[in-house]
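Good morning, and thank you for coming.

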Amino acid sequence: MFTKRAFTSPAMQRAALRCFSTIEKEFIIVNAVGSDRRGIVSDITKIVVDNGGNVGKSQAAKLGSHFGLSMLISIPKRESEALQASLTSLPGLATSCLVTDDPSAVTIAPKIGYSGRFTLTGADNPGIVHRVTTIISNHHLHIDKMETSEEDAPFGGTSLFQMECIATAMSPLASGFNAEVIQDDLQNLGNMMNCDITLETLRDERDDVPANVA
């Protein structure tokens, strides 16, 4: 007869861990959007757990009357199709699944030559996000993270639009790369669209040390 001690011994635990670590895994990016209600995240993650998966990085936000969730999931490969079928059949949610690479796989990460924080505050104008991101793209910057929001202005009954993003350029920087020129382009756009747009340099490889970030 096996005893409880035998099942919980360190040797048995190490063996179980080795067995689990050898299971071939698949990594899936899940995006789900639906009318905001209580329990959306709980419902989705229950399906993940029931199918033997695990949630890694995730982001969620309320967008108007809807709720959006993005997750990176790892799961035994043999369970992947069943998980995806269960997730995409959840009622009331538009869910998509994208198989991706193992985020921990050994790769040569490109060196960041420049990193900057862009912030915008001002009147909500149609096309403002497109115009700002076009300037960012034209200066060979890649957006790593972006958030926008809208709220009522304290005075006047108008909408106040806010935007913040982090953008980077890989090393080596182009010979003509100039953060001051980018700031000038953003300022000119802000003057045209009645908003304040600033660029804060977080890192520039041409400096001896990274810029101090509060």
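This is a predicted model: local features need pLDDT of at least 70, side-chain atom pairs count only at pLDDT 80 or more; totals for chains, interfaces and linings use all residues.

**A sheet, its helices and its salt bridges**

Residues are numbered from 1 along each chain as its sequence is written, and side-chain values use heavy atoms, with hydrogens and water left out.

Thr95 belongs to strand β4, residues 93–100. Helices (H or I, at least four residues) and strands (E, at least two) are DSSP runs, numbered from the N terminus. Is Thr95 buried or exposed? Its relative accessible area is 16%, so Thr95 is buried; buried means under 20% relative accessible area, exposed over 50%, and partly exposed in between, with a 1.4 Å probe and protein chains only.

Let us turn to the sheet. Four strands form an open sheet in the order β6-β7-β5-β8, with antiparallel pairing; two strands pair if DSSP finds at least two bridges between them. Strands β6 (142–152) and β8 (195–204) stand at the edges, each with a single partner strand, so one side of each has no neighbour in the sheet. Strands β5 (residues 112–123) and β7 (residues 159–170) are joined by 11 bridges. Within this pair, Thr121 stands opposite Gln162 in β7. Helix α5 (residues 128–138) packs on the sheet and touches β5, β6, β7 and β8.

Finally, the salt bridges. How many does a search of the whole structure find? The search finds eight, a salt bridge being a side-chain nitrogen of Lys or Arg within 4 Å of a carboxyl oxygen of Asp or Glu. In one of them, the side chains of Lys77 and Glu24 meet at 3.7 Å, N to O. Lys77 lies in the loop between β3 (66–76) and α4, and Glu24 in the loop between α2 (10–21) and β1 (25–35), so the pair ties together parts that are 53 residues apart in sequence. Lys77 is partly exposed at 40%, whereas Glu24 is exposed at 54%.

Another salt bridge joins Asp50 and Lys46 at 2.7 Å, N to O. These two residues are four apart in helix α3 (residues 40–50), and therefore separated by about one helical turn. Both Asp50 and Lys46 are exposed. Lastly, salt bridges link Arg117, Glu164 and Glu200 in a network.

Note on methods: Contact means heavy atoms within 4.5 Å. Axes are lines fitted to C-alpha atoms, for helices over the stretch in contact, and angles run from 0 to 180 degrees between N-to-C directions.
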